[in-house]
Amino acid sequence: MKIGILTWSKVVNHGAVLQAYATQEVLKKMGCTPVMLDYQANRQGQQTKLGYKLRHIGNKLTFHAIKVRKMFTQWMSDKQEEFDAFRYSELSLGDFYYVDQQLDATIIGSDMVFDFFEGYNPFMYGKDVLSPIIFSYAACFGYTTEKSFDSFSQKGEICTYLKKMDGISYRDDNTGKILKNCCGINNAVKVIDPVLLYGFKNEYTTWDSFKWKQRKYVLIYAYTYNMDKSKEVQAICSFAKERELEIISVGYIHSWCDESINAGPKEFVELFKYAQYVFTDTFHGTVFSLTFEKQFCTIVRNNAFKLQDLMDMLGLANRLNASISKEITMLITQPIDYTKVNTCLYHLRQKSLKYICDQLKKVE
């Protein structure tokens, strides 16, 4: 069975690329032949407008942000090379989604494939995707709200194409509400992110270069210009110093860390494997911490729509805070009980796998 995967596989972002890889590997385990479909994205969304840029310019004027700016261009060039090498070696790359590749079905997702805040891309709702069966997996509307959806000029087209899908599953309750209240879709299924579904058990060993095995460190996974506020930096530095741990940033430059590693996807996984603790403000930073059973702090910013549902499902909702001091106190005094978390994950995986199996059964 040849299955296309249409997701943000070309984004230079560890979470996006590794969730695409995880979807591919889950399909292989099911005996399918996955094909990562190509696309050309429209990135002219709300984040390119002047008002949005002005609201976020403050993040780039901190002391630490100014220090890293001169390194940023070369850093991104090197990062692009790392990601391109991974895609060509590890992803089963195919042609564009509108080219006939004799597919039996196509999965759209995971990640923020339904979002139009960062650019409207109709193919992510199934438009012109050349496949007899099309269904979504763990799709997310991202920063789109019910209000912004209702005011969007292309909402009718989105609803039309979503209703044509053979199955819809979503990753967070915000997406579920938009599907139900704005699109009239009542049979969508909530599932877990492909990283949690797959688990990376094989890669936990095969991607290990042992480079980080002897290092003792706190891992930081936060976008450049995030997690540079003085209170957060001071709290993390004090935490690490008390435990005689280095502070390592993965994927992004943070001048206050002992080291910033421009890691490719494989080294990213290895760095999570050996971390003593993880501090993050990202969805996939949280997901990989959970996958590898780390004691971690997740600082909530504007991504609560991604994180709240995930932590609720795993009984960890009380660990989400906007305060680094509260997070660190909980990290020290109330370590995560992974026996309970893994029991929840087992049942969520079974439900999510059943959804995919049910969709594949529709292939004639």
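Me: Two strands pair if DSSP finds at least two bridges between them. In this predicted model, which residue of strand 12 is the bridge partner of Phe 279?

Reply: Strand 11 covers residues 277-280, and strand 12 covers residues 296-299. The two run parallel and are joined over three bridges, which meets the requirement of at least two and therefore counts as pairing. Within strand 12, the partner of Phe 279 is Cys 297.

Me: Which residue of strand 11 stands opposite Ile 220?

Reply: Strand 8 and strand 11 run parallel and are joined by four bridges. Leu 219 faces Val 278 across this pairing. For Ile 220, the residue standing opposite in strand 11 is Phe 279.

Me: In strand 9, which residue is the bridge partner of Leu 219?

Reply: Strand 9 spans residues 246-250 and runs parallel to strand 8, with four bridges between them. Strand 8, helix 10 (residues 230-242) and strand 9 together make a right-handed β-α-β unit. The bridge partner of Leu 219 in strand 9 is Ile 248.

Me: Is Phe 200 buried or exposed?

Reply: Phe 200 is found in the loop between helix 8 and helix 9, and its phi is positive, about 55°, although it is not a glycine. Its relative accessibility is 0%, and the cut-off for burial is under 20%. Phe 200 therefore counts as buried.

Me: Is Glu 244 buried or exposed?

Reply: Glu 244 also has a positive phi, near 55°, in a residue other than glycine. It is found in the loop between helix 10 and strand 9. The relative accessible area of Glu 244 is 72%, and because the cut-off is over 50%, this residue is classed as exposed.

Me: What is omega for the cis peptide bond that joins Gly 109 and Ser 110?

Reply: Most peptide bonds are trans. The bond between Gly 109 and Ser 110 is cis. Ser 110 lies in the loop between strand 4 (105-108) and strand 5 (134-136). Omega for this bond is about 15°.

Me: Which helix gives the largest share of the lining of the second largest pocket?

Reply: The second largest pocket has a volume of about 400 Å³. Its lining consists of 17 residues, with Leu 197, Tyr 198, Gly 199, Lys 201 and Arg 349 nearest the centre. Among the elements giving two or more residues to this lining are helix 1 (14-29), helix 8 (194-198) and helix 9 (201-206). The largest share, five residues, comes from helix 15.

Me: How many charged residues does the lining of the second largest pocket have?

Reply: Ten residues of this lining are nonpolar and three are polar. Lys 201 and Arg 349 lie among those nearest the centre of the pocket, and Lys and Arg both belong to the charged class. The number of charged residues in the lining is four.

Definitions and conventions. Residues numbered from 1 in each chain as written. Predicted model: local features only at pLDDT ≥ 70, side-chain atom pairs only at ≥ 80, totals over all residues. Heavy atoms only, no water. 1 Å grid on protein atoms, 1.4 Å probe; cavity = no way out; pocket = protein on both sides within 12 Å on 5 of 7 lines; lining within 4 Å. Points joined across faces, edges and corners; volume = space filled by probe spheres on them. Right-handed = clockwise from strand over helix to strand, strands pointing away. Buried < 20%, exposed > 50% of the residue type's maximum accessible area, 1.4 Å probe, protein only.
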